[in-house]
Amino acid sequence: MASPEAGPKYLAVREHLRRRVAGLPEHTLLPPEPVLCEEYGVSRITLRRAVDGLVADGHLVREQGRGTYVTRPGIRHEYRESFVHRIAGFRSAMTEGGAQVGTTVVTQHVAPVPPSVAAELGLDPADEVVELVRLRSVDGLPNHVVHSYLHAETYPKVATEDFGHGSLYEFLRTEYQAELAQARIKVDVATAGAAEAELLQVSAGSPLLVVRTTVHDPAGHPLVHSFARLRPDVSQVEFEVSVSGH
């Protein structure tokens with residue numbers, strides 16, 4: 001039996017259901033009301049109030065004669081990093097658009113460079129990197145987990161700076177006078193592991209968008225390699241490209 005969090009019953013049930021349906025395929029039918037009432041230990045009125053909230057938010061749809069099934073709310077936020085004219089990180093780009101961005105630092109330490117990162121940053125296998133892992137939320141809703149890697153010998157202060165507030169890119173500019181001039185971006189799809197799913201409030205195995213970014217200086221030397229793993233139900237990836245004549 002599910003155990004909703006403490007608090008007003010309908011709000012607790014609504015939050016538990018929201019997390020539950022986020023990991024279900026679209027068009028999945030919910031169990032009948034009597035089954036859910038028994039599962040959550042609430043009255044039909046309380047359950048309907050919880051479901052009403054999810055219907056209003058676009059997570060569920062009621063259909064006469066069919067029942068209540070899972071849908072997906074419209075895109076709420078773009079995952080946006082601007083690479084035209086200037087390299088602007090996620091926090092800067094989203095804040096400029098009026099969104100409230102929250103950051104929780106999950107991991108921040110010096111570690112041996114992973115082979116895939118060594119290839120991206122042009123490092124030797126014996127080199128060390130600063131690994132910075134952050135959970136990002138937009139307007140209070142978990143949005144993505146981003147892993148960033150930098151050469152520890154070149155950027156040692158990244159291992160101790162507080163990145164719960166502020167931008168990594170801006171820190172590199174102001175502290176190291178780094179010139180972030182070019183970026184290469186790759187997008188693919190993966191699934192959420194157990195720890196990541198808990199951070200993003202989705203079910204383990206849920207699909208995630210993966211955006212891999214390597215930022216270079218004007219001479220083409222790699223400075224930062226990052227990969228962000230995003231909830232696709234609340235994100236979309238935007239690319240802005242400048243085209244010059246030849």
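Student: Which handedness does the crossing of H1 and H2 have?

Tutor: This is a predicted model, in which local features need pLDDT of at least 70, side-chain atom pairs count only at pLDDT 80 or more, and totals for chains, interfaces and linings use all residues. Residues are numbered from 1 along each chain as its sequence is written, and side-chain values use heavy atoms, with hydrogens and water left out. A crossing is left-handed if the near helix is turned anticlockwise from the far one by less than a right angle, and right-handed if clockwise. The crossing of H1 and H2 is right-handed.

Student: How are H1 and H2 oriented to each other?

Tutor: Helices (H or I, at least four residues) and strands (E, at least two) are DSSP runs, numbered from the N terminus. Axes are lines fitted to C-alpha atoms, for helices over the stretch in contact, with angles from 0 to 180 degrees between N-to-C directions; the axes of H1 (residues 9–22) and H2 (residues 33–40) come within 12 Å and cross at roughly 115°. Angles under 35 degrees count as roughly parallel, over 145 as roughly antiparallel, 65 to 115 as roughly perpendicular and the rest as oblique. H1 is therefore, relative to H2, roughly perpendicular.

Student: How are H1 and H3 oriented to each other?

Tutor: The axes of H1 and H3 (residues 44–56) come within 8 Å and cross at roughly 50°. Tyr 10 of H1 and Arg 49 of H3 are among the residues that make the contact. The crossing of H1 and H3 is right-handed. The two helices are therefore oblique.

Student: At what distance from the ring centre of Tyr 10 does Arg 49 lie?

Tutor: A charge sits over a ring if NZ of Lys or CZ of Arg is within 6 Å of the ring centre and within 35 degrees of the ring normal. The charged end of Arg 66 sits over the ring of Tyr 69, 4.1 Å from its centre. Arg 49 lies over the face of Tyr 10, and its distance from the ring centre is 3.8 Å.

Student: What is the geometry of the aromatic pair Phe 163 and Phe 171?

Tutor: Rings of Phe, Tyr and Trp (its six-membered ring) pair if their centres lie within 6.5 Å; planes under 30 degrees apart count as stacked, over 60 as edge-to-face and the rest as tilted. The structure holds four aromatic pairs. For Phe 163 and Phe 171, the centres are 5.5 Å apart and the planes are at 90°, so the pair is edge-to-face.

Student: Which residues do ring pairs link into a cluster?

Tutor: Phe 163 and Phe 171 are both buried. The cluster linked by ring pairs consists of Tyr 155, Phe 163, Phe 171 and Tyr 176.

Student: Where is Gln 177, and is this residue buried or exposed?

Tutor: Gln 177 has a positive phi near 55° although not a glycine. Its place is in the loop between H6 (168–176) and E7 (182–191). With a relative accessible area of 55%, Gln 177 is exposed.

Technical notes: Buried means under 20% relative accessible area, exposed over 50%, partly exposed in between (1.4 Å probe, protein chains only). Contact means heavy atoms within 4.5 Å.
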